[in-house]
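This briefing is meant for a reader who is meeting the structure for the first time. Please keep the sequence and the model in view while reading.

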Amino acid sequence: MPDSHPKSPKVIIAGAGLTGLTMAILLEKAGIEYQVLERSSEVQQTLGGAIILSFNVMPLMEQLGILDQIEAISYAIETTMIYKEDMEVIREINLRSNRKMVGHGTQVIPRPQLHAILLALVPKEKILVNKSIESLVQDADSVTVTCEDKSTYTADILIGADGTDSGTRRALYKDMDKDGITPKIIEEENKTLYMSVFGTTDPMDPANFEGLDDDCTRCDTVVGEERGLTYRTFIIPNNRVSWRVDFQSSDMDPEWVEGYKNADYKAFDVKKLPERWRGRELAMMGSLGILFDNTPQDKICKVVLEENIYENWKHGRTVLIGDALEGMLDAVVLSNLLYEMPTSNQKNISKVFDEFVEERSPSSRRELSPAQQATHVMFGRTWLDVAGRYLLLKLVPRYFKEKSRDYINYYRPQAAFLPRIPSRGENPSTPQRFSKKYAAFLKNKGASSSTATTV
Ligand SMILES: Cc1cc2nc3c(=O)[nH]c(=O)nc-3n(C[C@H](O)[C@H](O)[C@H](O)COP(=O)(O)OP(=O)(O)OC[C@H]3O[C@@H](n4cnc5c(N)ncnc54)[C@H](O)[C@@H]3O)c2cc1C
C-alpha cells in the first residue's frame, strides 16, 4: 500500500525560547512547515543575565548568518578566575587558545539580546502567543494538542521546546501512562535544588571597576564562605556587567524556597535575597549590592536550575528538546534528521527520534555537558560537591579540561541543508552529517543556473 503521509512533515514547536526559536529558524530554512505555540502573551524574553555560548554552536550561528551580530554584542571569555571570598585565587583557567584551536571564542551574551536576534529570523505569523499546551493525543496518523484556551492544533510531529516547566512533557507523560508506559523520573526526596538569580546592569563608570572597559570579558566566580552563596560576574560590551548569584535550597529558609521553586518567568524582587549578601565583595571591585542597584529591577529573574531528571524524551509523534546551548545543538541534529526523513509516517518518525536520542541522549549530555559539570563543581555546597571541587580544581585540574575537551573541541554540528562552514581552527570538527537530498538540490540548482546562463 502506498504511504499516504506527505513528504514534508508538519511540525508544532512548543515554546518560543532560545531552543524553540532555533528549531523554528532551522525548519524555516529546511522548508518544513511548522507553527510555534508560545504560552506567554509576549514573545520577547526580556529577563535574565548572560548566557554562555560555547564555540561548538558558532558554526551553526555562522550558517544562520548571525555570527557578526552575536560577536557585536558579546565578548569572548579569555580567562575564568575562581576566588575564595578573601580573593585568594583557587584557580585560573585560561581560554585564550580556544580561538586558535576551534576558530571561535566562547561568547558571553545577554540572554534577552540573543533571543531578539533569533526572533528576528522567524516570520511573525509563525508564532502564536497565549497558547499554553495542556494536553495531547496522538495516534498512528497525527498528534493534536489542546491549549489552555481550548484551541487545538494538529500536526505530524510535536517538538516540546518549552523549558524546564514543560507543559509538553507533562502532557506526553500522561499520554505514555495511558499507553501503559511509565515514564522514568528520578526524583530525590528532600533533594537540594540549585537556584540562581540573574541580572545585567546598565552601563557603569569604568573608573570604579577593574577591567570594565576592556574589550574582552573576564569571568570571575567567588565561592562564598557563607554556606549557600556563590556569585559570578561577566563583563559585557558597553561597560555593563552580567551577574548571577547561585545558592542551594538546603541553605535557605524552607518557606522561602517553596515560594521560589516554580520559576514563573516573572521579574524577581532582589530585596528578597538576604540583606547581608549585598556587602559581598567583587573581584572587579565594588560589591554585589552595587550590581543589584545598577540593574533594571524589572529584568532580574530567578531560575531553579535542576529539579528532577527525566529520562524519557520521546513517544509516538512527540519529542522533547531543550535548554539554551544544549537545546540549540538538539535543534540542529533533529532538523537534519527531519530534513532527510522520506515521509512522515510513524515508522519514519520513530526512526528519526531514535537516531536523535542516540546522538543527544540525556546520559551522554550529563556525562559531557561542561555546563552541568560546572554547576556541580562550582556551585554545589554538599560535602561531595566541595570534595569534588577541591579534587577537580586543585588536585587534578586537567581532568576537568580533558573530560569536556572532545565534546567541546570536536563536536560542532552544522545544518546539513545549508552551505557548510569550513572548519575554522586547528582542531577539525567531528564529521558532519551528509545529506543526499541537499546534494541533489545543489546539483539541480547548478544545472538550472547553468541552463539559465547559456540561454
Ligand atoms: C526566565 C528565565 C531566565 C533565565 N535567565 C538565564 C540567564 O540569564 N542565564 C543563564 O545562563 N540561564 C538562564 N536561564 C536558564 C535557562 O536554562 C536558559 O536561559 C534558556 O532560557 C533555556 O532556553 P529554552 O528555550 O530551552 O527554555 P526557556 O527559555 O524556558 O523557553 C521555554 C519557552 O516555552 C514557553 N512555554 C512553557 N510552557 C509552555 C507550554 N505549556 N506551552 C507553550 N509554551 C510554553 C515559555 O513561555 C518559554 O517562552 C533562564 C531561564 C528562565 C526561565
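Predicted model: local features only at pLDDT ≥ 70, side-chain atom pairs only at ≥ 80, totals over all residues.

The protein holds 15 helices and 20 strands, and of its 455 residues 39% count as buried. Taking contacts between residues at least 6 apart in sequence, 72% join residues that are at least 24 apart.

**The six-stranded sheet**

- An open sheet of 6 strands is arranged in the order β7-β2-β1-β11-β20-β19, and the pairing within this sheet is mixed. Its edge strands are β7, made of residues 127–128, and β19, made of residues 314–315, each of which pairs on one side only.
- Within this sheet, strand β1 (residues 10–14) and strand β11 (residues 157–160) pair in the parallel sense over 4 bridges. Along this pairing, Ile12 stands opposite Leu158 of β11, while Ile13 stands opposite Ile159 of β11.
- Strand β11 also runs parallel to strand β20 (residues 318–320), to which 3 bridges join it. Here Ile159, which stands opposite Ile13, has Val319 of β20 as its bridge partner.
- Both faces of β11 are covered, with Ile157 and Ile159 buried on one side and Leu158 and Gly160 buried on the other.
- Helix α1 lies across β1, β2 (33–37) and β11, and the helix runs at about 160° to β1.

**The three-stranded sheet**

- A further open sheet consists of 3 strands in the order β8-β9-β10, and the pairing is antiparallel. Strands β8 (133–138) and β10 (152–155) stand at the edges with a single partner strand each, so one side of each is left without a neighbour in the sheet. On average, and with direction ignored, neighbouring strands of this sheet are turned by 20° against each other.
- Strand β8 and strand β9 (residues 143–147) are joined in the antiparallel sense over 5 bridges, and Leu136 has Val145 of β9 as its bridge partner.

**Helix α5 and Leu118**

- Helix α5 spans residues 111–119, and its buried residues are Arg111, Leu114, His115 and Leu118. Seen down the axis of α5, these buried residues fall within an arc of 100°, so they line one face of the helix. An α-helix has 3.6 residues a turn, so residues three or four places apart point the same way.
- The elements that cover the buried residues of α5 include α1 (18–30), β3 (50–53) and β6 (107–110).
- Leu118, which is found in helix α5, counts as buried because it has 23 C-beta neighbours inside 10 Å, where 20 or more are needed.
- Leaving aside residues up to four places away in sequence, Leu118 touches Leu18, Leu21, Thr22 and Ile25. Leu118 and Leu64 are 54 residues apart along the chain, and their C-alpha atoms are separated by 9.5 Å.

**Helix α6 and Thr168**

- Thr168 has its place in helix α6, which covers residues 167–178. With 28 C-beta neighbours inside 10 Å, Thr168 counts as buried.
- When residues up to four places away in sequence are not counted, Thr168 touches Ala14, Ile133, Leu158, Gly160, Asp162, Thr318 and Leu320.
- Thr168 and Leu136 are 32 residues apart in sequence, yet their C-alpha atoms are 8.0 Å apart in space. Leu136 is the residue whose bridge partner in β9 is Val145.

**The surroundings of the ligand**

- The ligand is surrounded by 35 residues, of which the closest are Gly15, Gly17, Gly48, Gly163 and Gly167.
- By class, the shell around the ligand is made up of 15 nonpolar, 13 polar and 7 charged residues.
- At least two residues of this shell come from each of α1, β3, β17 (301–304) and α9 (324–340). Helix α1 gives the most to the shell around the ligand, with 3 residues.
- Two of these contributors, α1 and β3, are also among the elements that cover the buried residues of α5.

Conventions
Residues numbered from 1 in each chain as written. Buried ≥ 20, exposed ≤ 12 C-beta atoms within 10 Å, placed from the backbone. Arc of directions from axis to C-beta. Contact = placed C-beta atoms within 7 Å. Near = placed C-beta within 6 Å. Nonpolar A, V, L, I, M, F, W, Y, C, P; charged D, E, K, R; others polar. Pairing = 2+ DSSP bridges. Axes fitted to C-alpha atoms, helices over the stretch in contact; angles between N-to-C directions.
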